[in-house]
Structures are given as C-alpha cells and as structure tokens.
Amino acid sequence: MILLIDIGNTSAKYALCRDGRIVVTDRVSGSWATVGSHIITTYGMPEQVLISNVAGPQPELEALLYSLRMEARWLSWDTPEAQRFFTAIPPGLGADRLAADVAACTMAPDADVLVVDAGTCLTFDIINASRTYVGGSISPGMGLRLKAMHDHTAALPLLTPQGDAPVIGTDIYTAMRGGCCNGMRWEIEGYVRHLVANGFPDLRVFCTGGDAPVLADDVSVRVTHHPHLVFQGLLEVYKE
C-alpha cells in the first residue's frame, strides 16, 4: 500500500493506493499523529509515502514519519524522476502543479496539454507535444477572490464558495459568487480559446482542484475533469 499526501495552502489531503489504484481519499483533519494512527489502524502500515507539499515546513508530519521509521519521497521541481516526463521545468514550480502536469502528460502522451488547477490559486500549465514545459499563469482562486472583496470593502460580506452562482445575481450573495465563479470559468475558457487559436489547435485540457468549474459546451477541445490528478502524478513519478 502506498500513502499519497497532497499538502496545499488551504488544506491537506491523503490517498491510499493498492495495485496501482487509488482506493481511499480523505481530507486531513486534526493532527498528523491522529491521521497516521487512523490510517495504520484501519488500513495497515504503508510501504511507501509520496508527498506533494507547497505549504512550507511540516515538522509534525516529519516527526510522525521519523517515529514510524518511514522514509518519504517529497516531490520537488528538481526531483530527478520528474525530469523524464518533460523538459524545461522552471525552478520553483510547485510540487502539486508538477504532479498534475506529469499525470496529464501520461494520460495524453502525444498531445499538447493544458493543466488547470482551481485551488487556492487558479493555475495554468502548458506542456507541448514534444514534452517541453512552455509556461503558464497564476491568478487568485475562488476563495481568495471572495475574501479580497470582503477585506477591501466596507460592506461586502465574507462568503464561502458554496452556494448559487448565477450569471446575473439577484442579491449581494449571488452577485459576488456569480462574479467569482463565472469569472473563473470565462477566464479558463478564454485561456483555452487563445491557445487553440495561437499554436495549439489540438489541445487537451485537464481540470482539477476543489473549485474546478465546468467549461461551456462550445469549448471545442477535449476536456478531462480529474479530481485526483496530483495523486495520480505522484504515482507516475515514482512508478518502478
């Protein structure tokens, strides 16, 4: 059994993999010691631990792994195993983005790919069919957009992303959510259309992340929604 851990800026998640298949996924709640005890008691001791972390030092998790005498592999932009999937990985590329990019490249091996991750930030990564990292962009995610409106105005409330998000809001709540959610969707669609019109006509698009919106039907490219793209990429990087 392989334990996969994805530590983001907002939350952490874990997954368990058996025979190449992800069989359990859950969010981390409580201490790492509690989470580790639950995993071992319920599922047994993992044989490997693979980690994507973009949230800074994790002393509690490291202490847990040390107490269990378990060596973990922490994915980074300069991890040698990642270099075989595509070239020109930029220094500092987040481990979560790298893992998602690897997964997309393995799922569409002969295509130009765009990986959209709608988490704390909305990120775009482009890898061409020759398997060179072309570039990408970063903008605020749904939660950050909502929080910024609250923090920088006197009257707008602090909302969560959950709730109605119509194109035309009928009150302050639906107007804020609609503006953020549809703004993100149109941002993604505009990005896709620009790439298709400027050198990537056969683009494959992969969307992941907790706030990944559904794209409009008139986006004329193949779109794959994959909630566990980071976990899948971790497995691919360290596959033996």
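Visitor: Which residue does lysine 147 meet in a salt bridge?

Guide: This is a predicted model, in which local features need pLDDT of at least 70, side-chain atom pairs count only at pLDDT 80 or more, and totals for chains, interfaces and linings use all residues. Residues are numbered from 1 along each chain as its sequence is written, and side-chain values use heavy atoms, with hydrogens and water left out. A salt bridge is a side-chain nitrogen of Lys or Arg within 4 Å of a carboxyl oxygen of Asp or Glu. At 2.5 Å, N to O, the side chain of lysine 147 meets that of aspartate 151.

Visitor: In which helix do lysine 147 and aspartate 151 both lie?

Guide: Helices (H or I, at least four residues) and strands (E, at least two) are DSSP runs, numbered from the N terminus. The two residues are 4 apart, about one turn of the helix. An α-helix has 3.6 residues a turn, so residues three or four places apart point the same way. The helix that holds both lysine 147 and aspartate 151 is H4.

Visitor: Is lysine 147 buried, partly exposed or exposed?

Guide: Buried means under 20% relative accessible area, exposed over 50%, and partly exposed in between (1.4 Å probe, protein chains only). Lysine 147 has a relative accessible area of 41%. Lysine 147 is therefore partly exposed.

Visitor: Which residues of helix H4 are buried?

Guide: Helix H4 spans residues 142-151. Its buried members are Met142, Arg145 and Leu146. Seen down the axis of H4, these buried residues fall within an arc of 95° (the arc of the directions from the helix axis to the C-beta atoms), so they line one face of the helix. The residues asked for are Met142, Arg145 and Leu146.

Visitor: Against which elements do the buried residues of H4 pack?

Guide: Contact means heavy atoms within 4.5 Å. By that criterion, the buried residues of H4 pack against E7, E8 and H5.

Visitor: How many salt bridges are counted, and which residue is paired with aspartate 125?

Guide: The count comes to 7 salt bridges. In the one formed by aspartate 125, the closest N and O atoms are 2.6 Å apart, and the partner is arginine 97. Aspartate 125 lies in strand E7 and arginine 97 in helix H3, so this pair ties together parts 28 residues apart in sequence. The answers are 7 salt bridges and arginine 97.

Visitor: What radius of gyration does the protein chain have?

Guide: The chain contains 6 helices and 10 strands, and buried residues make up 45% of its 240 residues. The radius of gyration is taken over C-alpha atoms, and the globule rule is 2.2 Å times the number of residues to the power 0.38. With 240 residues, a compact globule would have a value near 18 Å, and the chain agrees with this. The radius of gyration of the protein chain is 19 Å.
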